[in-house]
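Let's take a tour of a protein model together. Have a look at the structure below, and then we'll go through it topic by topic.

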Amino acid sequence: MKKLMSLVCAFVMAFSMTTAVYAVAQAEDPVTVKIEDYFKLTNAGTESPAQTFSFSITKDGFSDTGLKSDGEAVTEDDVPLPTVGTAVFAEGDATTTGTKEDVEITLPLTTDFPAVGIYKYIIKQNSTANTAGVGYVSSDIRLVVTVIQDENGKKVIGGVHTELDDDDDKTDVITNPYSAGTLTVEKEVTGNLGDKNAPFDITVTFTKPSGKTIGGSIYYGDKEIKPSDWKADGTVDAEITLKHGESVNFTNIPYGVTYTVVEDDYTAAADGGYDAADYDYDDDDKTIDSALDEVLVTNNKGKTPDTGIIVNNLPYIAILAVVGLGFIVFFSRRRANDEI
């Protein structure tokens, strides 16, 4: 019988290596299993905020149970509850390939299980932090614990595995993405009277998604917009100055953040006399939801050249007129002489 149990244990352990089943037969209490949580960047060149992913666990039924030691049937109140740890990531930990932290699940003592059987639980990842740009796992993680009896009649954990969305696909891996993009603001000056060396002041206003928190910094030039810089109304302003052909990149903006670009008024004669600024947004929604958004701000100042008589040219025009008159007199006299 001992040889048979050893063969069974060896089979279960070998099976677990390919199907994310944790074989823990005959293991000593307490039994701990792990879920691998990967924090992954959607776009290269971005920086993830510090993030702690926590989890909740609830009971989800049981089956194939025996009788309790007192001969009574197992009830839900008899079923013990495992505990689930957290995955803690420091600022900048996420990478494009994913950085892994193990989430430990500690099972109840085998003696706490009322009888042999299959016990099911639902683990959910909490999104209470609700950090902008961070994606949370919405699928249920189902934990299945099988309690068996050894040859001596002692309860032992025969196997543990996790599934996603109750589709029977066993997995012990989850992924949390961090998505952030770049906003480029460019300046163009047009028109024959436009001054390409003139500076133009521009205000870029960012608004965070409703109900979200900002966990990381936005960078532009040598400046930084910190999470503490955001105002109570959920906005933050950045002041920039651009000349023709210049641009500023705002990097590490979390997905879901919206933006507006407003230039100071340069239409008055004292301020340059330009036409009203033209804004060309390549994203009509003005929302960060891709690797790059661009805005082109154009100032135009032009005037049709005056093609009339210029006073400074009058002497030359008078000389041309005298020469022309001389030709007329010369040819008129010559014709008269030819007719005599």
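Predicted model: local features only at pLDDT ≥ 70, side-chain atom pairs only at ≥ 80, totals over all residues.

**The whole protein**

- The protein has 340 residues, and buried residues make up 37% of them.
- Take the contacts with a separation of 6 or more: 73% of them are between residues 24 or more positions apart.

**A four-strand sheet**

- Before we go on, a handy bit of background: strands of a sheet pair through backbone hydrogen bonds, and they do so either parallel or antiparallel.
- In which order do the four strands of this open sheet come? Reading across, the order is S5-S7-S2-S11, and the pairing is mixed.
- At the edges sit strand S5 (83-84) and strand S11 (173-178), each of which pairs on one side only.
- Strand S2 (residues 32-41) and strand S7 (residues 99-106) run antiparallel, and eight bridges join them.
- To find a spot along S7 to zoom in on, look for valine 103, which stands opposite isoleucine 35.

**A three-strand sheet**

- Here's another open sheet, with three strands in the order S16-S13-S18 and antiparallel pairing.
- Its edge strands are strand S16 (235-242) and strand S18 (258-263), and each pairs on one side only.
- On average, neighbouring strands of this sheet are turned by 20° against each other, if you ignore direction.
- Six bridges link strand S13 (residues 200-207) with S18, and the two pair in the antiparallel sense.
- Threonine meets threonine here: threonine 258 in S18 is the bridge partner of threonine 207.

- You'll find aspartate 140 in the loop between strand S8 (117-125) and strand S9 (141-149).
- Is aspartate 140 buried or exposed? Its relative accessibility is 14%, and buried means under 20%, so aspartate 140 counts as buried.
- The side chain of aspartate 140 is joined to the side chain of lysine 124 by a polar contact of 2.5 Å.
- Which residues does aspartate 140 touch, leaving aside its neighbours within four places in sequence? Aspartate 140 is in contact with Ile122, Ile123 and Lys124, and also with Glu163, Leu164 and Asp165.

Methods: Residues numbered from 1 in each chain as written. Heavy atoms only, no water. Buried < 20%, exposed > 50% of the residue type's maximum accessible area, 1.4 Å probe, protein only. Contact = heavy atoms within 4.5 Å. Pairing = 2+ DSSP bridges. Axes fitted to C-alpha atoms, helices over the stretch in contact; angles between N-to-C directions. Polar contact = N/O pair within 3.5 Å; in protein donor to acceptor, adjacent residues only side chain to side chain.
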